[in-house]
Amino acid sequence: MSVEIKWNKPIPQIITEATGGTRTQLFMANEAKRLMDPYVPALNLVLAQNVRTYVEDGHGVVHYLSPYAHYQHEGYLMVSRITGSPWARKGESKLPTGRKLVQNKSRHPLATAEWEKAMKAARMDDLTAAVQRYVKGGGR
């Protein structure tokens with residue numbers, strides 16, 4: 001017995017269509033953002049609300065847009081190159097000091113630097129399950 005399989009579409013296209021392609025990547029980015037929210041430092045929730053999700057080069061992206069997002073994400077106090085103050089003027093660059101930031105955990109007890117790593121450690125199974133349900137449901 002001999003079996004021959006002929007694909008009507010290229011294999012990468014079949015895989016993309018079966019997994020939902022960019023729709024699934026965008027869903028994954030939005031779900032990751034939702035699961036990261038408890039870990040994002042949030043004295044007044046501006047950082048967690050000033051965020052954009054999109055797909056770029058086949059990957060879902062969660063982009064925190066606040067000017068201090070990098071500063072909070074790294075978790076180190078950064079100071080002005082000119083004055084040495086943490087309050088730099090617009091356009092002024094900052095230097096890391098090596099001193100860890102102390103997170104105010106009164107409103108957001110899980111807040112931490114590198115919040116995506118904290119979310120992955122605690123909720124990766126939830127993210128994976130949500131994406132699997134999304135793909136199985138046809139991306140709806």
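This is a short chat about the predicted model shown above.

Me: What should I know before I start reading the model?
Reply: The model is predicted, so local features need pLDDT of at least 70 and side-chain atom pairs count only at pLDDT 80 or more, while totals for chains, interfaces and linings use all residues. Residues are numbered from 1 along each chain as its sequence is written, and side-chain values use heavy atoms, with hydrogens and water left out.

Me: How many helices and strands are there in the chain?
Reply: The chain has five helices and four strands, and along the sequence they follow the pattern α-α-α-β-β-α-β-β-α. Helices (H or I, at least four residues) and strands (E, at least two) are DSSP runs, numbered from the N terminus.

Me: What radius of gyration does the chain have?
Reply: The chain has 21 Å, whereas a compact globule of 140 residues would have a radius of gyration near 14 Å. The radius is taken over C-alpha atoms, and the globule rule is 2.2 Å times the number of residues to the power 0.38. Along the principal axes, the C-alpha atoms fill a box of roughly 80 × 30 × 25 Å.

Me: And what share of the residues is buried?
Reply: Of the 140 residues of the chain, 30% count as buried, where buried means under 20% relative accessible area, exposed means over 50%, and partly exposed lies in between (1.4 Å probe, protein chains only).

Me: Which residues of α5 are buried?
Reply: In α5 the buried residues are W115, M119, L127, A130, V131 and Y134. Their cover includes α2 (21-36), α3 (46-49), β2 and α4 (69-74), with contact meaning heavy atoms within 4.5 Å.

Me: Where does α5 bend?
Reply: The bend in α5 is at R123 and comes to about 80°; it is the angle between axes fitted to the seven residues ending there and the seven starting there.

Me: Switching topic, what is the phi of D57?
Reply: D57 has a positive phi of about 55° although it is not a glycine. Most residues other than glycine have a negative phi. D57 sits in the loop between β1 (51-56) and β2 (59-64), and it counts as exposed because its relative accessibility is 73%.

Me: What about E114, is that one exposed or partly exposed?
Reply: E114 counts as partly exposed, because its relative accessibility is 30%. Its phi is also positive, near 50°, in a residue other than glycine, and E114 lies in the loop between β4 (94-100) and α5 (115-136).
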